[in-house]
Amino acid sequence: MTDAPVQLWGVAASALLVGVAIALSARAGLGLGRSLAGASLRALVQLGLLGLVLTAVLAQGQPIALSWAWVAVMIGFAGFTVHRRVPEVPGLGTLAAVAFTAAAIVTLGVLFGARVFPVNATTVVPLAGLMIGNVMTATVLLARRVVAEFHDKRWEIEARLALGQPSSQAAAPYLRDALRTALIPQIETTRAVGIIFLPGAMVGLLLAGVEPMDAVQVQLVVMYLVLGSVAVTTSVVALGLRRTLFTAEHQLRVLSHN
Amino acid sequence: MLRRPDPRPAASLPTADQTNAVFGFDEVGFSMRGKAILRDLSLEVPAWGVTAVAGPSGSGKSTLTRLCNRLIDATEGTVRFRGVDVRDLDVLALRRAVGMVFQRPTVFEGTAMQNLEVTGVHDRDLQRSALAEVGLDPDVFGEREAATLSGGESQRLCLARVLLMRPDVVVADEPTAALDQAAARQLEELVCSVSHRGVPVLWVTHDPEQVERIADHRVVMDNGTVVGFTRSDEDPAGSTDPANGAAP
């Protein structure tokens, strides 16, 4: 443990900053104290459990299949999370899980196929985890935006259908807006990196003593991985949502939100 | 005279026939989330003139119109377009034949002319004729942003969009509900002139005075079904329509 870049007392000290945030929230009457404490505690428990699992998965001699099995669990849980956050869209969890799988195949396939990283437990699980976390956030953003657009613009969409447009054409302007909403934060993050902020992966590597240029190269690969996977996933989900939100007879389904 | 644009699989649609009802509803029911909105509704909508459907809010009038172009499907019974079950027709061709004007004037992003592009009719002259037909001077309104139009102008643009497709029938769901009296009268006159040219109109309203002004045939709805039907036998276009109303 003495070789670890951060000791347990360091984690405890950083938790004091959460205490500061809670105190400020109470002073300003924001009512966010419970949420801040809950989120911080949850992160502690989840990351602690993840550490235990990764220790087992990454242990010497473990088969690589165990890592891929863990990736499958992450994809399933991410799909369930998307379903829970946007319950208005039936079948969204399954659709998201399929899209996450497609994105994992494409992006990890490129990284491992081009031998950017070797295929082993220490690369498969972290890269897949990083990718899945980002695409899950983008998918929730996309789905929420689509639900809102289809609720607010229901009249417009039905007017287009009534003019004889097929559902793919009638939905296109609204799906396009939702896709832009989901992709723009990722594009902005990519654009601002290195000038306005240092990304987490790079900070972690620098703190761990990795040479700056090596850290930059890893960070670039990670950012391109995330950008590519978010684009693939949101496109697949948007296509799937279109099929979910209309019947085969080009009728707009009623969501529970409506 | 506007020419019908190249039809999609419109050949499968039944041809206009003054002797048949334009729409037939046979013991139609519609339920959503377990709630019955239409029940045991039977009606024959004459193939000429303006058929006004009146009734209190929640009586199922708007639902009736949405069945005509299959924005929704009946959960019971059969809806017919010129004698053919609408479920046997190509739904996109049916929607181009059944021109629909909604209660809320719904314009899309872009200019008035760009709104007409949505119909798939790209002929500039036809688009200008359609605007002129509804009293919107194409030189004045053609390049105006649709979002800047008044409620009455927007609704007339919606009617122009429908007329550009040369529909076999116009279905209007309380199209004057959001308009002032002058704009409402203007729209009534426009739609009546369309019916005088031989295009039947199904017009939903909650205004009894409007029924008096526009209706050739009168349907009264309440509690999800037809409770009254009066049809005129005088066809101003000169043809007779022996089909009789099947409503109770």
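Let me start with the largest nonpolar core, which has 63 residues. A nonpolar core here is a set of buried Ala, Val, Leu, Ile, Met, Phe, Trp, Tyr and Cys residues joined through side-chain atoms within 4.5 Å. Buried means under 20% relative accessible area, exposed means over 50%, and partly exposed lies in between, with a 1.4 Å probe and protein chains only. The residues with the most contacts inside this core are L92(A), F150(A) and L241(A).

Several helices of chain A each supply at least two residues of the core, among them α3 (64-85), α4 (92-113) and α9 (212-245). Helices are DSSP runs of H or I with at least four residues, strands are runs of E with at least two, and both are numbered from the N terminus. The helix that gives the most to this core is α5(A), with 15 residues.

A word on the model itself. It is predicted, so local features need pLDDT of at least 70 and side-chain atom pairs count only at pLDDT 80 or more, while totals for chains, interfaces and linings use all residues. Residues are numbered from 1 along each chain as its sequence is written, chains are lettered from A and ligands numbered from 1 in the order in which they are written, and side-chain values use heavy atoms, leaving out hydrogens and water.

Back to L241(A). Leaving aside residues up to four places away in sequence, L241(A) touches V89(A), L92(A), L95(A), L142(A), A143(A) and V146(A); contact means heavy atoms within 4.5 Å. Apart from this core lies another, of 35 residues, including V50(B), F141(B), V162(B) and V191(B).

Now the charged pairs. A salt bridge is a side-chain nitrogen of Lys or Arg within 4 Å of a carboxyl oxygen of Asp or Glu. Over all chains the count comes to 18 salt bridges.

Which residue forms a salt bridge with D73(B)? The partner is R70(B), and their closest N and O atoms are 2.8 Å apart. R70(B) is buried, at 3% relative accessible area, whereas D73(B) is partly exposed, at 22%.

Next, R197(B) and E133(B) meet in a salt bridge at 2.5 Å, N to O. This pair links distant parts of the chain, 64 residues apart: R197(B) is in the loop between α7 (181-196) and β8 (201-205) of chain B, and E133(B) is in helix α4 (residues 124-133) of chain B. R197(B) is partly exposed, at 46%, and E133(B) is also partly exposed, at 25%.

Finally, E188(B) and R213(B) form a salt bridge at 2.7 Å, N to O.
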